[in-house]
Amino acid sequence: MSEHAVAGTQTVPIQITLNGEPRSLSVSPVTTLLDLLRNHLDLTGTKKGCDHGQCGACTVLIDGQRFNSCLQLAVMQDGKAITTIEGLAQDGRLHPLQAAFIEHDAFQCGYCTPGQICSAVALIEEGRATSREEIREFMSGNLCRCGAYTNIVDAIEDVAVRRRQPLQEAAE
Amino acid sequence: MKRFSYHRADSVADAVQALCATPDARIVAGGTNLVDLMKYGVETPSALVDVTRIAALNGIDDTDEGGLRIGALVPNRTVAEDARVTTRFPLLASAILAGATPQLRNAATTGGNLNQRTRCYYFYDTKTPCNKREPGSGCPAIGGVNRIHAILGASEHCIATHPSDMCVALAALGAEVRVEGPNGARRIPFADYHRLPGDAPERDNTLQPGEIVEAVLLPPEAEAFAGHHSYLKLRDRLSYAFALVSVAGALDIREGRIVAARLALGGVAHKPWRREEAEAALVGSPADEAAFAAAATHLLEGARGHEHNTFKIELARRAILRALGQAAAGTPQSQTDKRIA
């Protein structure tokens with residue numbers, strides 16, 4: 001057995017980078033990443049919707065990729081860099097997607113919004129936001145019960161198009 | 001979630017040993033299905049064996065035989081975006097993109113996709129009987145709500161379906177599953193990996209105690225289908241839903257005639273549904289609707305519906321015709337633009 005073998009009642013030491021800060025934590029094997037963030041670290045921006053990977057409200061970035069934090073065990077995140085909605089703004093300036101969601105009124109109640117924005121950050125990095133159809137398909141893991149989808153697509157398309165423009169101008 | 005002990009395995013041998021030492025332990029990697037089942041109390045393992053740090057289970061590599069080896073840990077998205085997969089085995093990439101969501105495809109692994117459990121409502125609901133969850137307790141899906149259930153290969157004990165899209169493509173492409181266990185490594189033809197429910201629906205596949213999936217192997221001959229393939233998935237909403245019926249169709253057409261064909265269905269049985277007679281009916285024929293209809297008849301022979309899913313028999317027949325038509329035309333179904341051409 002390796003050093004990382006523990007009984008169910010014990011905790012396991014893990015080291016993660018959370019929103020840019022190194023953190024040494026001790027977690028129970030049964031704790032999900034979502035519950036670690038919300039209940040143990042007071043980072044309540046990440047929302048618990050269905051808790052079964054079906055709604056996307058809990059979406060966070062792990063090593064830059066999007067995941068449902070409700071289905072990730074905290075104990076398995078050892079060594080990973082995790083970014084939540086709280087970590088997107090830099091030096092007091094909103095992330096372009098946060099600003100775009102406000103500009104396009106891309107929410108109503110706002111509960112799904114942190115997950116939508118984290119998901120969209122990864123979507124644009126994946127290079128999958130090249131058309132409205134593609135944005136809709138590749139945002140299918142984020143549900144919005146208020147039905148703000150049209151404006152959500154507008155906000156993401158706005159940022160994706162602006163991101164591509166400098167590249168196109170440089171190519172010309 | 002019931003408490004469990006946690007073991008981070010550092011090698012395949014270590015993982016196998018841990019599984020043998022604790023028979024009710026489960027392998028965890030992406031966790032997308034297992035953690036969910038644990039939250040519902042459907043799975044209550046006393047231990048989880050974390051295999052995500054085992055380098056030998058990772059990577060996509062060319063094989064000596066000229067095919068591809070996809071490590072059990074490779075996430076669905078990585079497979080779907082790999083240039084070797086998209087050029088040589090595009091049917092597989094397409095099927096993966098038809099399933100789940102970007103978040104889930106980032107987490108879900110190749111091995112985990114094979115071993116995911118059915119999404120039968122009764123299997124998930126621990127307050128109802130279920131022969132798959134509790135052998136001998138009964139099957140309320142028979143005579144109950146069974147829209148998503150099997151029309152082929154079911155038994156009086158279970159009418160659940162295997163939910164994977166990826167596995168339908170792997171079945172069509174004639175993949176093999178490489179497993180490692182206490183008695184060494186072995187290769188299982190994909191058709192023999194999953195099983196029909198029979199009188200033991202609690203067993204989804206032919207893995208033996210202590211065995212883990214090491215990799216999936218794609219054979220070089222399946223590259224012949226790269227030009228003519230389609231994965232058509234029909235479901236109750238356009239995205240992020242399990243298949244009512246899905247079709248993986250692949251043809252090798254030379255001088256107007258089909259020289260080799262593969263055809264597998266998803267959403268209709270306890271395993272990806274493939275029959276040699278259906279593919280044989282295509283070989284030697286022109287790629288036309290008469291040949292496709294003959295294949296559909298063979299593939300659906302013996303299909304039987306239940307209260308809420310008899311429509312799937314005709315839906316499957318039409319989907320086969322459409323998917324093979326798309327494959328023949330070289331215009332595979334888009335997984336982004338869901339209009340069916």
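**Exercise 1.** Find the bridge partner of Arg178(B) in strand 7 of chain B.

*Solution.* In strand 7 of chain B, Arg178(B) has Arg187(B) as its bridge partner. The model is predicted: local features need pLDDT of at least 70, side-chain atom pairs count only at pLDDT 80 or more, and totals for chains, interfaces and linings use all residues. Residues are numbered from 1 along each chain as its sequence is written, and chains are lettered from A and ligands numbered from 1 in the order in which they are written. Strand 6 (residues 176–181) and strand 7 (residues 184–189) of chain B pair antiparallel over six bridges; pairing requires at least two DSSP bridges. Two residues lie between these strands of chain B, which form a hairpin.

**Exercise 2.** Which residues of helix 2 of chain A are buried, and how are they arranged around the axis?

*Solution.* First, list them: in helix 2 (residues 96–103) of chain A, Leu97(A), Gln98(A), Ala100(A) and Phe101(A) are buried (20 or more other C-beta atoms within 10 Å of the residue's own, C-beta atoms being placed from the backbone). Then look down the axis: the buried residues of helix 2 of chain A fall within an arc of 165 degrees, so they line one face of the helix. The arc is taken over the directions from the helix axis to the C-beta atoms.

Notes: A residue is buried if 20 or more other C-beta atoms lie within 10 Å of its own, exposed if 12 or fewer, and partly exposed in between; C-beta atoms are placed from the backbone. Helices (H or I, at least four residues) and strands (E, at least two) are DSSP runs, numbered from the N terminus.
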